[in-house]
Amino acid sequence: MPSNKSVSDAPIVQFTNCRILRSHQLQREDLWVREGKILNPEKLFFDEKGSADIQLDCKDSIIAPGFIDVQINGGFGVDFSLATDDFKSGIDLVSQKILSHGVTSFCPTLVTSPPSVLPQISIRNGGTHGAGILGAHLEGPFISKEKKGAHPEHCLRTFEAGAFQDLLATYGSLDCVRIVTLAPEMKRSSEVIRELTKQGICVSLGHSVANLSQAEEAVQHGATFITHLFNAMLPFHHRDPGIVGLLTSDKIPAGRRVFYGMISDGIHTNPAALRIAHRAHPKGLVLVTDAIAGMGLAPGRHTLGQQVVEIDGLNTYIAGTKTLSGSVATMDTCVRHFQEATGCSVETALEAASLHPAQLLGIEHKKGTLNYDSDADFLMLNDGLYVQATYIAGEEVWRQDALGM
C-alpha cells in the first residue's frame, strides 16, 4: 500500500489531548489536518498507511469551528461604510484584529450610505493576514423610515417601477454581495427578493414595520434571515407578532429554515428576550456583533456611516439621542453572554457563532463545522470559552501569549 507521502507531500498535523465540537457534541478525539482541510484519520490509516508528521498537545482545550460574523460594520477605528483613500488598509486591520476574538471569516456590513465603498470590498480567503471575507452585507437603503435606527433618513430609498433595476443602480454591482437587508412591507419588494435569491444572495428582513403576513410572504419568496431580531422592528404583539412571529410561523415553506441574528451584548436585547427567542427557535439563532468603528476603542465619539455615535460603556447611541447604533461587543464576548444568559450548552453557544451562520450562507459543507474535508478554520478555547488560539486553513494565525493566559 502507498504511504501518505505518495498521496501528498504536505505535512499531516495531529492535534491531541482536546475535545472537538463535532456532530453537536464535544468529543474527546484527535483532530487531523492536511493541506488546510480536516482529515479523516481512518482513510489515512487504512488507505494510505500514513501517520502524523507533527503532533501538538492541546492541553485539554476545546477545539471548535472558527466564528463567522455576518454583520459587522467595522471596528478599531475603521468604519466600512465610509469611503476613504485607505479603505483596503482599514478592512485589513479589522480582519487582522478580529482573529483574537475567534472570527475566521466575516461579511463586512455597509449601512445606508453612498455606494462608492462597495467596489472596494472583495471576497478573499483568510490567513495570517486576517479573517476571510465572504462578501458584503448591505443593510439598506431600502428600509423603513419609522425603523431607520442609525441610518440617515435622507439616504433611504423605496422601490420604483423596475424595482430590481433600482437596486442595481443603487449598489452598482452585486458581484461581492452576500446579504441584503430590506423592509419587506415596501411595494415591489417581492420581485426584488425573488431576483436576489435567484442570484444566490441571502435576503434578510430588518429595519421594518412589517406585519407577520408580510414577513411570511417575503419568506415564501426566498428571504431566509432576520436582521438583529427585536431591534429596529415592531415589538411583539399577541394579535400580530410581526417579523418576530416568523420564529414559530406555520407558513414557512417545507424544508426552509428561517435564521435570525441576535446581538448578544447584554445591551441590545434583554436576557429574557434572548431566552424566549432561543427556546422558540434554537436552530435558527445566529450570533452577530453588529460592531461599529468604536469596537476595541475607548469611549467617546466615533462614526457609523453618515452618523456620529457616542460610546458610553457598552452602550452606543447616535450622538445627542438615546437611539442605539450598533455595538462594541466582540464575537467571543457575545458567545459567552449568550451561554450565560440562556443556560444553553457550550456546544449550542459555539454553534450559534459558527455552524448556524455557515448554514445561513449555504457554506456548511466547508465552514462552520469540523467535519472531514471541511476547511481547517478552528479555535482553541478554554472551559470559560476564552479564545486561546485561532487557526485558518490549519495554520496558526493568532495565539494568546503565555503572560495573558
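What we have is a predicted model, in which local features need pLDDT of at least 70 and side-chain atom pairs count only at pLDDT 80 or more, while totals for chains, interfaces and linings use all residues. Residues are numbered from 1 along each chain as its sequence is written, and side-chain values use heavy atoms, with hydrogens and water left out.

Let us start with helix α8, which covers residues 331–342; helices here are DSSP runs of H or I with at least four residues, strands are runs of E with at least two, and both are numbered from the N terminus. Nine of the twelve residues of α8 are buried, so the helix is largely enclosed by the rest of the structure, where buried means under 20% relative accessible area, exposed over 50%, and partly exposed in between, with a 1.4 Å probe and protein chains only. Among the buried ones are Cys 334, Arg 336 and Phe 338. Just after α8, Gly 343 takes a positive phi of about 70 degrees.

Now to the rings. The whole structure holds seven aromatic pairs, counted when ring centres of Phe, Tyr and Trp (its six-membered ring) lie within 6.5 Å, with planes under 30 degrees apart called stacked, over 60 edge-to-face and the rest tilted. Trp 32 and Phe 45 have ring centres 5.4 Å apart and planes at 85 degrees, so they form an edge-to-face pair. Trp 32 lies in strand β3 and Phe 45 in helix α2, 13 residues apart. Trp 32 is buried at 7% relative accessibility, whereas Phe 45 is partly exposed at 33%.

How values were computed:
The expected span of a helix is 1.5 Å times one less than its number of residues.
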